[in-house]
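Good morning. Please look at the model on the screen while I go through a few parts of it.

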Amino acid sequence: MEKHDRVKELVTYMEEEPDNPFNIYALALEYQNQDKEKASFYFNKLLREHKSYLPCYYHAAKLFAELGLPEQAESTFVAGIQLAKTQNNTHAQRELENAYFNFQVEND
């Protein structure tokens with residue numbers, strides 16, 4: 001399946017199930033390597049409308065850092081770490097903390 005077809009399919013899923021955060025997340029990930037602005041749009045939508053969807057925080061923060069938005073990246077890492085603690089998800093918490101540490105080292 002071509003990338004364009006996957007995007008089209010994911011958009012259809014998102015329209016059919018607008019309250020399912022996974023569909024938005026999958027679309028953001030699909031765009032991450034081909035259209036960073038669209039990926040950013042969908043990650044921001046997730047962070048606004050589905051604050052408890054933990055998987056998006058890592059990828060969103062990394063993308064914001066890549067786009068030269070260090071404040072947004074930092075606040076997303078911090079919010080994700082806090083959410084992981086709240087959800088007792090130690091694996092996600094460790095991943096976010098490690099990525100945040102590396103982000104801090106790179107931006108010092």
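In which kind of crossing, left-handed or right-handed, does H5 pass H6? The crossing is left-handed. That term applies if the near helix is turned anticlockwise from the far one by less than a right angle, and right-handed applies if clockwise.

Before the rest, some ground rules. This is a predicted model, where local features need pLDDT of at least 70 and side-chain atom pairs count only at pLDDT 80 or more, while totals for chains, interfaces and linings use all residues. Residues are numbered from 1 along each chain as its sequence is written, and side-chain values use heavy atoms, with hydrogens and water left out. Helices (H or I, at least four residues) and strands (E, at least two) are DSSP runs, numbered from the N terminus.

Back to the two helices. Helix H5 covers residues 70–86 and helix H6 residues 90–106; their axes come within 9 Å and cross at roughly 155°. Axes here are lines fitted to C-alpha atoms, for helices over the stretch in contact, with angles from 0 to 180 degrees between N-to-C directions. H5 is therefore roughly antiparallel to H6; angles under 35 degrees count as roughly parallel, over 145 as roughly antiparallel, 65 to 115 as roughly perpendicular and the rest as oblique.

Residues in this contact (heavy atoms within 4.5 Å) include Phe 77 and Ile 81 of H5, and Leu 96 and Phe 103 of H6. By class, there are 11 nonpolar, 2 polar and 3 charged residues. Nonpolar covers Ala, Val, Leu, Ile, Met, Phe, Trp, Tyr, Cys and Pro; charged covers Asp, Glu, Lys and Arg; the others, Gly among them, are polar.

Next, the rings. The structure holds 7 aromatic pairs. Rings of Phe, Tyr and Trp (its six-membered ring) pair if their centres lie within 6.5 Å; planes under 30 degrees apart are stacked, over 60 edge-to-face, the rest tilted. One of the pairs is Tyr 25 with Tyr 53, edge-to-face, at 5.5 Å centre to centre and 65° between the planes. Tyr 25 sits in helix H2, and Tyr 53 in the loop between helix H3 and helix H4, 28 residues apart. Tyr 25 is buried at 10% relative accessibility, and Tyr 53 is buried at 18%. Buried means under 20% relative accessible area, exposed over 50%, partly exposed in between (1.4 Å probe, protein chains only). Phe 22, Tyr 25 and Tyr 53 form one aromatic cluster.

Finally, Ser 40 in helix H3. Ser 40 is buried at 8%, and touches Leu 63, Phe 64 and Leu 67, not counting residues up to four places away in sequence.
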